[in-house]
Amino acid sequence: MDKLARFSVSLPAPLLEKFDSWVDTRGFRNRSEALRELIRRFISESCWEDGEKTVFGTVTLTYDHHSGDSAREITSLQHDFGDLIICSTHIHADHHHCFESVVFHGKASRVKEFIRQLSGLRDVSSSDPVITTIP
Ligand code: NI
């Protein structure tokens with residue numbers, strides 16, 4: 001565990017009230033824990049927007065494997081971006097539908113390109129990626 005550093009923050013009173021209410025609603029134990037989570041999330045989002053940093057993430061897909069070439073296209077795309085993809089988990093949700101969760105790690109700009117091409121596949125629904133960075 002890293003050594004903790006303390007700092008003080010000045011906020012307008014109404015904003016602090018809203019923050020405390022949010023901290024309570026979200027189930028954080030205290031303001032510090034909530035602020036640590038917000039800072040980590042902010043840094044991850046900045047790394048994603050920046051494009052140059054390395055990120056980890058997941059994206060989930062659903063598709064009908066009988067529909068057109070969807071299964072083949074998804075596999076082909078994952079091979080094209082094999083340098084990013086750590087693993088994928090495929091679940092045969094029912095007779096027609098497949099659910100797939102893809103875990104990736106790489107430069108944000110390349111991940112964005114993977115997500116862009118994935119979103120462009122016909123007959124495939126993909127989630128927004130969930131991105132994180134090593135703190
Ligand atoms: Ni399947």
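Modeller: Let's start with a definition: a salt bridge is a side-chain nitrogen of Lys or Arg within 4 Å of a carboxyl oxygen of Asp or Glu. Keep that in mind as we go through this predicted model.

Biologist: Happy to. How many salt bridges are there between domain 1 and domain 2?

Modeller: Between domain 1 and domain 2 the count is zero. One residue pair does make a polar contact across that interface.

Biologist: How should I read the buried area between domain 1 and domain 2?

Modeller: Buried area is what two parts lose in accessible area on being put together, summed over both. Here, domain 1 and domain 2 bury about 490 Å² between them, with carbon and sulfur atoms giving 73% of that area.

Biologist: Which residues of domain 1 lose the most area to domain 2?

Modeller: Look at Ser44, Cys47 and Trp48, which together make up 94% of what the domain 1 side buries.

Biologist: Now the metal. Which protein atoms are donors of the nickel ion?

Modeller: The protein donors are NE2 of His90, ND1 of His92 and SG of Cys98, at 2.1 to 2.4 Å from the nickel ion. Along the chain, the donors have the spacing H-x1-H-x5-C.

Biologist: Are His92 and Cys98 buried or exposed?

Modeller: Buried means under 20% relative accessible area, and exposed means over 50%. His92 has 63% relative accessibility, so His92 counts as exposed. Cys98 counts as buried because its relative accessibility is 4%.

Conventions: Residues are numbered from 1 along each chain as its sequence is written. This is a predicted model: local features need pLDDT of at least 70, side-chain atom pairs count only at pLDDT 80 or more; totals for chains, interfaces and linings use all residues. Side-chain values use heavy atoms; hydrogens and water are left out. Donors are N, O and S atoms within 2.8 Å of the metal (3.2 Å for Na, K and Ca); water is not among the atoms, so sites may look incomplete. Buried means under 20% relative accessible area, exposed over 50%, partly exposed in between (1.4 Å probe, protein chains only). Buried area is the accessible area (1.4 Å probe) that two parts lose on being put together, summed over both. A polar contact is a pair of N or O atoms within 3.5 Å; within protein, one must be able to donate a hydrogen and the other to accept it, and residues adjacent in sequence count only if both atoms are side-chain atoms.
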